[in-house]
Amino acid sequence: MLKLTGDHRHEIAAHGERDYPYECCGLLLGDFAAGDLKTIAEIYPISNAREEAAKRNRFLITPEEFREGEQYAEKSGLAVVGFYHSHPDHPAVPSGYDLDHAWPLYSYLIVSVAAGVAGDLRSWEMEPDRSKFTEEEIQGVR
């Protein structure tokens with residue numbers, strides 16, 4: 001389960017709308033609680049480093065930006081608990097490409113942005129055997 005506030009949801013939606021028609025991306029910073037609960041404390045936006053022609057349906061976080069995000073989280077007493085990105089003009093459902101590039105344990109939050117307006121927000125976790133994503137309950141979004 002992923003716990004985030006309405007403010008976090010709005011930050012992610014606004015990032016998706018700003019970057020439309022390209023995919024936006026960023027880190028979910030927080031902590032891993034008992035059970036399977038991940039609590040989000042901060043959203044850490046990152047610029048999509050993918051080449052211009054591919055930004056409409058792919059995102060890339062460079063190793064340097066990921067390291068900067070991890071260092072920021074550590075200094076703040078937080079951890080990277082997941083990632084978010086947008087799907088311009090597509091549902092908030094992970095693609096095969098998303099599955100191929102995901103890591104177990106993390107949450108993968110996807111916001112659908114249709115014609116520049118953010119809509120559906122859904123979260124996914126990769127199965128331990130890396131075979132598929134399972135939808136994760138989101139708590140606290142209004």
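**Strands and hairpins**

My strands are DSSP runs of E, at least two residues, and helices are runs of H or I, at least four residues, numbered from the N terminus. I call two strands paired if DSSP finds at least two bridges between them.

Before going on, I noted that this is a predicted model, where local features need pLDDT of at least 70, side-chain atom pairs count only at pLDDT 80 or more, and totals for chains, interfaces and linings use all residues. Numbering runs from 1 along each chain as its sequence is written, and side-chain values use heavy atoms, with hydrogens and water left out.

Next I checked S5 against strand S6 (residues 117-126): they are antiparallel, with seven bridges. Valine 111 is partnered by leucine 121 in S6. This hairpin has two residues between the strands, and alanine 115 has a positive phi near 50°.

At the other end, strand S2 (residues 25-32) pairs with S3 over eight bridges, antiparallel. Leucine 27 faces tyrosine 44 in S3. Five residues separate the two strands of that hairpin, and glycine 35 in the turn has a positive phi of about 75°. Strand S1 (residues 2-3) runs parallel to strand S3 (residues 38-46), with two bridges; lysine 3 is partnered by threonine 39.

**Aromatics**

How many aromatic pairs does the structure hold? I get eight, counting rings of Phe, Tyr and Trp (its six-membered ring) with centres within 6.5 Å; planes under 30 degrees apart are stacked, over 60 edge-to-face, the rest tilted.

Tyrosine 44 and tyrosine 72 make a tilted pair, 5.5 Å centre to centre and 35° between the planes. The pair links strand S3 to helix H2, 28 residues apart. Tyrosine 44 is buried at 18% relative accessibility, while tyrosine 72 is partly exposed at 34%. My cut-offs: buried is under 20% relative accessible area, exposed over 50%, partly exposed in between (1.4 Å probe, protein chains only).

Phenylalanine 83 and tyrosine 108 have ring centres 5.5 Å apart and planes at 20°, so I logged them as stacked. Both residues are buried. They also belong to one aromatic cluster with Phe66, Trp103, Tyr106 and Phe133.

I found arginine 58 over the face of tyrosine 97, 4.0 Å from the ring centre. The test for a charge over a ring is NZ of Lys or CZ of Arg within 6 Å of the ring centre and within 35 degrees of the ring normal.

The largest pocket comes out at about 380 Å³. Of its 17 lining residues, Phe59, Ile61, Phe83, His101 and Trp103 are the closest to the centre. For the record, a pocket here is an open set of points on a 1 Å grid over the protein atoms alone, where a 1.4 Å probe fits, with protein on both sides within 12 Å along at least five of seven lines; lining residues have an atom within 4 Å of a point. Volume is the space filled by probe spheres set on the points, which are joined across faces, edges and corners.
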